[in-house]
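Please look over the sequence and the structure shown here, and then read the briefing that follows, which is grouped by topic.

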Amino acid sequence: MTTRLRALWHDLVPRDERRGRRAALRLSASSTARSAEAIFLVLRRMRTPLIALIVVFAVSTLGLTLIPGQDADGNPARMSFFDAFYVISYTATTIGFGEIPNPFTYGQRLWVTFSIYLSVIGWAYAIGSLLALLRDRAFRAALARQHFTRKVARLREPFVLIAGYGRTGELLGRSIDRLGRRFVVVDLASERIEDLELDSYTADVPGLTGDARDPGNLAVAGLDHPSCAAVVALTDDEEANLAVVMAAALLRPDLPVIARVTSPVIAERMRAFGDPSTVNPLDRFGDHLRLALRAPAAYQLLTWLEAGPGADLPDRGSPPRNGHWVVVGYGRLGRELTRDLRAEGLAVTVIDPGADDPDAAADSDLVVGDGSDPAVLGDVDLEHAVGFLASTDNDTTNLSLVAAARRINPELFVGARQNSAANAPLFTAMELDALLVPAEVIAHEVYAQLSTPLLWRFLRHLPSEDDGWAAEVLGRLVGLCGTRLQTLWKVRLTPQEAPAVQGWLATGGARLGDLLRNPEDRDVALHAVPLLVLRGDEATAAPGEDFVLAPGDELLLAGWSAAERALTTMLEVEAVHEYVLTGRRVPASWIWRKLTPADRG
Amino acid sequence: MNLEKVVFGFFVVLAATLNFGFFIGDISRPELHNQYELYAAVVVNLIATVLKFGDRTQIGAVHLATSLVADLQLIGAASMWVYAEHISSAGLTAGWTASIVSLAGGALVANMVSVVLLVVETTSSHRG
């Protein structure tokens with residue numbers, strides 16, 4: 001019987017899924033057990049105080065029944081257990097109803113005096129222990145964990161699990177929140193989790209103080225939750241990010257994973273686990289710089305779309321295409337930039353204080369020296385250079401380098417790396433031509449990947465187009481929607497999501513331009529620009545007005561949120577669509593539709 | 001030897017023996033059942049219950065359950081005694097005594113289970 005069942009199970013559930021599920025079950029069981037710790041902790045710590053209290057009551061009550069008393073007539077009478085318990089109860093709790101049922105004898109009073117002091121000590125001990133327990137760190141942590149577990153378990157909408165809530169996590173969280181989506185945070189530092197409550201998010205964000213390397217913590221944070229939509233590892237510890245990627249790949253192979261990584265070795269190790277998407281801010285900045293060199297408009301469009309809803313149109317920088325560049329700092333970023341610049345056919349001189357690196361020593365254009373030393377800057381012929389990049393990992397050095405370089409040659413194109421968020425106002429005041437903020441690069445990149453897969457596709461497609469194309473798309477966007485990015489949304493032309501247009505799509509003459517019209521006045525274009533059409537696996541970027549749509553197409557649009565609503569109505573209500581297409585007002589209700597032909601006839 | 005185990009075993013066994021002592025004797029004769037013994041049984045049972053708090057093992061959970069059952073029955077018996085003596089007009093009759101002692105008998109069964117668990121736990125644990 002069992003074997004037959006097992007065979008059935010094997011047939012029904014693929015192997016990978018089964019393994020993931022079993023592991024997830026085990027994890028969640030162990031984490032519930034840990035969450036229940038709070039109540040066990042209370043019970044165990046309260047053992048001694050409770051026993052002390054019971055003993056105090058028992059001794060006091062027993063004593064009162066044993067001590068001889070007398071009734072109103074002076075006959076000897078002992079108190080019954082109930083009377084004694086009653087007297088001790090109200091005496092111990094300091095209520096004090098007096099001497100009942102009969103006035104006490106001196107022996108009884110002596111005993112009650114003793115009991116009063118004994119019971120006060122007993123209560124003080126019990127209540128003191130309870131209060132100490134409530135203020136106990138371990139207990140509070142256990143309680144917070146339990147609270148967090150409950151909050152996560154109650155989530156019914158898709159959410160993103162973010163491990164590491166530093167500057168990057170915060171930026172990403174804000175973008176996700178603005179999209180109207182939920183996320184859960186795990187971070188090592190309790191201050192950051194406390195900051196969550198102060199941050200003004202529209203939705204409640206559950207946060208757990210704990211090590212993301214512990215799969216149990218990830219499970220509590222919803223790794224095995226059916227609504228978990230993606231896992232993002234953003235801690236500043238490469239190993240921890242690797243651990244998160246591993247846990248997610250092994251326990252939930254179906255989930256998309258995005259990890260921050262700066263070292264190629266770790267990135268390679270991550271790739272051994274499924275196919276997580278890695279974001280390397282230094283690498284990415286180099287790519288961006290190349291794109292900016294080759295196609296400034298494409299770069300402008302990329303940064304604008306990546307910045308998310310509400311972002312203003314960034315300025316179009318124009319890095320000099322020809323001439324000599326100077327890069328200070330030959331660390332990971334410096335190396336990346338130098339390689340990218342050289343790949344674009346530019347001459348690059350590098351300044352770095354450390355020449356012991358064999359890789360650096362092999363570089364013919366390397367000047368050894370401290371970049372902040374005026375003499376060294378004088379050596380590299382800055383007067384005739386066109387570009388200058390300060391890429392050391394020290395903000396003060398970078399700022400002073402930029403200032404010194406500008407003094408020598410005010411015409412320079414200047415770029416710098418900003419390491420700490422606290423220095424942002426200084427870098428803004430310097431009015432740099434290019435600024436690398438690793439936290440922002442990662443946050444934007446992850447946002448682009450998470451918001452809609454179509455946007456990610458569009459952004460990846462961008463570098464392959466030429467600058468004129470990008471300038472044209474940008475012009476259309478600005479012309480229709482203004483210089484502030486409003487919303488990006490996705491439309492699926494499936495029978496479920498767009499029932500009103502299925503017949504029109506099937507005719508084979510469904511022009512995109514005919515769809516994007518204002519349902520109030522069809523002569524006015526809808527304030528939306530189609531960025532991408534996905535048909536099956538084939539994507540068309542920025543389709544024109546004459547693009548012919550087919551059933552099942554997926555559209556990515558950018559524009560006003562009013563346009564999003566209008567388009568949704570158009571796709572769902574046949575009458576609205578009919579008007580947009582032909583200019584004829586068709587009655588929407590059944591009764592009127594029945595009546596209209598009669599009127600005409 | 002572990003002092004905690006000694007205290008635990010002591011209270012569990014004492015709860016059972018006191019309970020047994022109160023229970024034994026003709027069920028309807030009040031003079032065979034000492035009220036002090038019932039009182040002691042209630043107190044010792046309460047202490048034994050608190051000692052079982054916070055044990056997360058399966059056997060610990062059953063331990064706690066049996067103690068709670070015994071508490072419930074013994075407190076029921078004590079309440080009946082109070083009712084019979086102070087509220088009922090007839091006083092502590094043979095009928096009341098029988099009810100009280102039978103409740104205590106029920107508690108005795110629970111206490112016996114507790115003792116059996118204790119013995120099982122002891123014999124199944126490795127010496128060391």
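In chain A, 37% of the 601 residues are buried, a residue being called buried if 20 or more other C-beta atoms, placed from the backbone, lie within 10 Å of its own. This is a predicted model, in which local features need pLDDT of at least 70 and side-chain atom pairs count only at pLDDT 80 or more, while totals for chains, interfaces and linings use all residues. Residues are numbered from 1 along each chain as its sequence is written, and chains are lettered from A and ligands numbered from 1 in the order in which they are written.

**Chain A overall**
- Chain A has 26 helices and 18 strands, taken as DSSP runs numbered from the N terminus, with H or I over at least four residues for helices and E over at least two for strands.
- Of the contacts in chain A with a separation of 6 or more, 66% are between residues 24 or more positions apart, where a contact requires C-beta atoms, placed from the backbone, within 7 Å.

**Helix α4 of chain A**
- The end C-alpha atoms of α4(A), which covers residues 81-92, are 16 Å apart, and this agrees with the 16 Å that its twelve residues should span at 1.5 Å a residue, the expected span being 1.5 Å times one less than the number of residues.
- Phe81(A), Ala84(A), Phe85(A), Val87(A), Ile88(A), Thr91(A) and Ala92(A) are the buried residues of this helix.
- An α-helix has 3.6 residues a turn, so residues three or four places apart point the same way.

**The six-stranded sheet of chain A**
- Six strands form an open sheet with parallel pairing, in the order β11-β10-β9-β12-β13-β14, two strands being paired if DSSP finds at least two bridges between them.
- At the edges are β11(A), residues 366-368, and β14(A), residues 434-436, each of which pairs on one side only.
- Strand β10(A), residues 347-352, runs parallel to β11(A) and is joined to it by three bridges, and Ile351(A) has Val367(A) as its bridge partner in β11(A).

**Where chain B touches chain A**
- Twelve residues of chain A are in contact with 13 residues of chain B.
- On the chain B side, α2(B), residues 35-51, and α3(B), residues 58-87, are the elements that give two or more residues, and the largest share, seven residues, comes from α2(B).

Definitions and conventions: Buried ≥ 20, exposed ≤ 12 C-beta atoms within 10 Å, placed from the backbone. Contact = placed C-beta atoms within 7 Å.
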